[in-house]
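Thanks, everyone. I will go through helix packing, then pockets, then cavities. Please have the structure open.

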Amino acid sequence: MQAGPVDPGVLGARLRQQTRIDDPIAGESDPLDVEARSALWPQAPHWELIELLHVCDGGARRLEEYRFVPAAGARALPAFHGPGLPVAIMFERSPNGASRARVYSAREWAGARVALLALDPHLRVERSPEDVLARYFPALRSADVDATLALFEPDGYLQRSDGELFQGHARLRARFDESYRNGGIELGCCSRVDDGASTALETCRGGARPAVAVYQRGAGGGRLAAVRLYR
């Protein structure tokens, strides 16, 4: 989808309608408390522009990816790359119609954030046995750089939670060489949203360190066009 600005008041109103919000700064709390305490609230004065970049809608769960652009002179914000800070919001609706939200952004703000969801050992991350994710996670676990790179489009990219991009196989190789320095990466999965073109997974690493990652498939679905991480 094409990036476009959103009304901070409208996004704030949606967040106020949630039963609970889990925010990396304010923790899990009611919306009014999060509004009062979190620098990530969309109507905070240090944000000049909020852009919606991508949506992965799976019915009961909907992940929305945003770019929060700070106003000139804004202070006390984490360092980031690019025009704005990456922010992702997972909206989850229960069978009775109530909704809650989990907010993810830069790792610096996540601090000592604990697991938000229980691990689901039965969760299947892939759409089918032939899906690219069926090969991606084994490549992560085995710390196989070549196998990992083979699953990205030539101009595919990985975006860290601070917005830094590693695009193209040369940059991706440097990134995964560093990531695999201490061995493979084992991710526990907690929830999944899939709309065909993209899969969003809420994960937990090492029993804590919650995150959400968006895996965007390239043309034909055989390789990854993008992986975007939020903490």
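Which elements do the buried residues of helix 4 pack against? First, the ground rules. This is a predicted model, in which local features need pLDDT of at least 70 and side-chain atom pairs count only at pLDDT 80 or more, while totals for chains, interfaces and linings use all residues. Residues are numbered from 1 along each chain as its sequence is written, and side-chain values use heavy atoms, with hydrogens and water left out.

Back to helix 4, residues 132-142, where V132, L133, Y136, F137, A139 and L140 are buried, buried being under 20% relative accessible area with a 1.4 Å probe, protein chains only. They sit on the same side of helix 4, because they cover an arc of only 160° around the axis, taken from the directions from the helix axis to the C-beta atoms. Their partners are helix 5 (145-149), strand 8 (152-159), helix 6 (169-179), strand 11, strand 12 (208-217) and strand 13 (224-230), with contact meaning heavy atoms within 4.5 Å. Helices (H or I, at least four residues) and strands (E, at least two) are DSSP runs, numbered from the N terminus. Just after helix 4, A143 has a positive phi of about 55°.

Now the pockets. On a 1 Å grid over the protein atoms alone, a pocket is an open set of points with protein on both sides within 12 Å along at least five of seven lines, a cavity is a set where a 1.4 Å probe fits but cannot get out, and lining residues have an atom within 4 Å of a point. Volume is the space filled by probe spheres set on the points, which are joined across faces, edges and corners.

The largest pocket has about 660 Å³. Of its 28 lining residues, R175, S179, R205, L229 and R231 lie nearest the centre. Helix 4 is among the elements that supply at least two residues of this lining, as are helix 6 and strand 13.

The second largest pocket holds about 350 Å³. Its lining has 19 residues, and L53, R67, Y157, Q159 and R228 are the closest to its centre. Strand 5 gives the largest share, 3 residues.

Last, the cavities: there are 2 of 30 Å³ or more. The largest has a volume of about 70 Å³, and its lining includes W41, F68 and D23.

Notes: Buried means under 20% relative accessible area, exposed over 50%, partly exposed in between (1.4 Å probe, protein chains only).
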